[in-house]
Amino acid sequence: MKKIKHISLLFVLIAVILSSVPVSAQLHFTQEEQDYIDTAGVIQAVSLHGSAPLQYAGKKGEIKGISIEVLEKISEITGLVFEFHLIESIDEAYDTPIDLIFGIPASYVPENMVLSRPFLESQTILYLNSSVDPEDLSEKIYAGTLGSTQPEGIPEEYTVNYKTREDSLNAVEAGHADYGYGNAYSVAFYTLQNGYQNIITVPRGKDDRAYCFAVPSENEVLLSILNKSIGSIDERELQTLVLISTAKIDRKITLSMIVSNYGLQLILLSALIITVLSVSIFRNLRDNKELKIQNERYQILSNISNEYMYEYYFEQNELNLSKSIMHLFESREFMEESVVILKEALRDSDSLQSIYRIELPLSAEKKMIFKSVSSLIRNSKGKVYSVIGKLIDVSEEEAERQELIKKSETDGLTGLYNAETTKKLINEIMEKNDPHKTDALLILDCDKFKEINDSHGHLHGDSVIVHIGEALKATFRKSDIIGRIGGDEFCVYMENVSSRKFVISKYHQLVKSLKQVSPDSYITVSVGAALSDREKSYDDLFKKADAALYIVKDKGGDNLHFYDKKTM
């Protein structure tokens, strides 16, 4: 039981990492902001000590964490120079000359400072001693941290505040306190680092936290620069920064952990092996431990996440899917087909450590579009061991996107292509045109359309336009490009036309279709046609068809005329 008590925790962390991203923006600084960057000097940045992996001191005293990675990225973007310091309490910020507090939620910000836009968001989760019932926390001891806001509904007489988040977790592990609340990143980090055996976690927090930078309220220029810089970091790069920071866990190996996992006999055997065998065997053991830790992270995420998690092992060509995705498939056959598709995508080096869309079949009639977000897992030698990620259902989002694309390409009245799309599609064909085949461009407009509008009104005129559109769709081939390029002007591009007779037959068919779609109205059209003769663009061929159209109009309309350079 002890091995799986906190199995759910790190999957919260990675799910948050892969889900919480800022909106990308193009970076432009005002002259005032650029002047500030050029003259600011070293910016003194401080934060609270003991908030790993947001910000903390490493074994050698170096300051690192997610906030540091983001500020160093901002330094790279802007040229600003930061000097980092860790303080024991937020009260020290009042007594220290500072320019910026990093990695701070709204509940900690001093009164004389303002917050930037968030660079990271995290779910607040409940952690408690395994002997405590999570449904009955009344009269239980709450482990808080100094300087934090007292959670609503928790009496102060049942609260013990500790110096850092790690201290409060240690107290719950040892049974000196019963439970506490913390952000998913910190709880997962210390759980993995310290190997807690008596702590369980429940994804049921008081609130969600957004982490920002705080600057003095009078320094509006620095605040603006920070906001712009955060917004300019794209989601893939920010995820990479967060993953790099949260992966740097120096796990503490204690005697109790070794006894719990391997037993007394294994301890004695391991000691004998380490004493007798070579350094190479020691390295193998170290590698195996690291891979075990990586697999444990995956298991933690899979157990509590509502997303569809996966891990792909390259050498074995093995793909593990979370159980939550199994129910989506109608049968095992469709699941196996989807596994093959996903494996092929993951083997593509361009898709690794990235975000991309993939379509998976759930049944014979239904397919779903997923967004895949993934990251590489490496062993101590830097070799890629696996890729871990999640699939997010974006089918509705993709359908809406396709609908918007369709609306942007079509004419709202007739449903035909609009002028811009018509020209683009025809140019694409003509750019790769085969000189040995003949295409035809037809330009047509409605005869006496102005009189129709003046005599019967614009609503009737619109119905005439709709009828012409219906007749064109009924007449021409599905492969032909049909568009409305003006008020009463239409265009048809036909590939692989066998002869002029074929175009003429289509014109006569159009005349019949116009009578069928509008039996009560006598609608006629004038048509100018031009056969392709090595033209390179739509505009070149359009000029010829348009010239032919004017000849028809001059002769009274209701006819078809081909462009002929000998008579033009």
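This is a predicted model: local features need pLDDT of at least 70, side-chain atom pairs count only at pLDDT 80 or more; totals for chains, interfaces and linings use all residues.
Biologist: What is found at the start of helix 6, and what follows the helix?

Modeller: At the start, a side-chain oxygen of Asn183 comes to within 3.0 Å of the backbone nitrogen of Tyr185, and the cut-off for a polar contact between N or O atoms is 3.5 Å. Helix 6 is followed by Gly195, which has a positive phi, near 60°.

Biologist: Why is Thr201 called buried?

Modeller: Thr201 has a relative accessible area of 11%, and the limit for a buried residue is under 20%, so Thr201 is classed as buried. Thr201 belongs to strand 11, residues 199-202, and its C-alpha atom is separated by 9.3 Å from that of Pro134, 67 residues apart along the chain.

Biologist: How do you know that Lys228 and Glu33 form a salt bridge?

Modeller: The side chains of Lys228 and Glu33 meet at 2.8 Å, N to O, whereas the rule asks for a Lys or Arg side-chain nitrogen within 4 Å of a carboxyl oxygen of Asp or Glu, so the pair qualifies. Because Lys228 lies in helix 7 (residues 220-232) and Glu33 in helix 2 (residues 31-39), the pair ties together parts that are 195 residues apart in sequence. Lys228, at 26% relative accessibility, counts as partly exposed, whereas Glu33, at 5%, counts as buried.

Biologist: What makes Glu237 and Lys73 a salt bridge, and which residues are linked in a network with them?

Modeller: The closest N and O atoms of Glu237 and Lys73 are 2.4 Å apart, which meets the 4 Å limit, and a network of salt bridges links Lys73, Glu76 and Glu237. Glu237 lies in helix 8 (residues 235-247) and Lys73 in helix 3 (residues 66-78), so this pair ties together parts that are 164 residues apart in sequence. Glu237 is partly exposed, with a relative accessible area of 29%, and Lys73 is buried, with 12%.

Biologist: Why are strand 19 and strand 22 said to stand at the edges of their sheet?

Modeller: The sheet is open, with five strands in the order 19-20-18-21-22 and mixed pairing. Strand 19 (481-484) and strand 22 (560-562) each have a single partner strand, so one side of each is left without a neighbour in the sheet. Neighbouring strands of this sheet are turned by 15° against each other on average, direction ignored.

Biologist: How do you know that strand 18 and strand 21 pair?

Modeller: Seven bridges join strand 18 (residues 440-446) to strand 21 (residues 525-531), and at least two are needed for pairing, so the two strands count as a pair. They run antiparallel, and Ala440 has Leu531 as its bridge partner in strand 21.

Biologist: Which strands does helix 17 lie across?

Modeller: Helix 17 (residues 538-554) lies across strand 18, strand 20, strand 21 and strand 22, and runs at about 140° to strand 21.

Terms used
Residues are numbered from 1 along each chain as its sequence is written. Side-chain values use heavy atoms; hydrogens and water are left out. Helices (H or I, at least four residues) and strands (E, at least two) are DSSP runs, numbered from the N terminus. Axes are lines fitted to C-alpha atoms, for helices over the stretch in contact, and angles run from 0 to 180 degrees between N-to-C directions. Contact means heavy atoms within 4.5 Å. A polar contact is a pair of N or O atoms within 3.5 Å; within protein, one must be able to donate a hydrogen and the other to accept it, and residues adjacent in sequence count only if both atoms are side-chain atoms. Buried means under 20% relative accessible area, exposed over 50%, partly exposed in between (1.4 Å probe, protein chains only).
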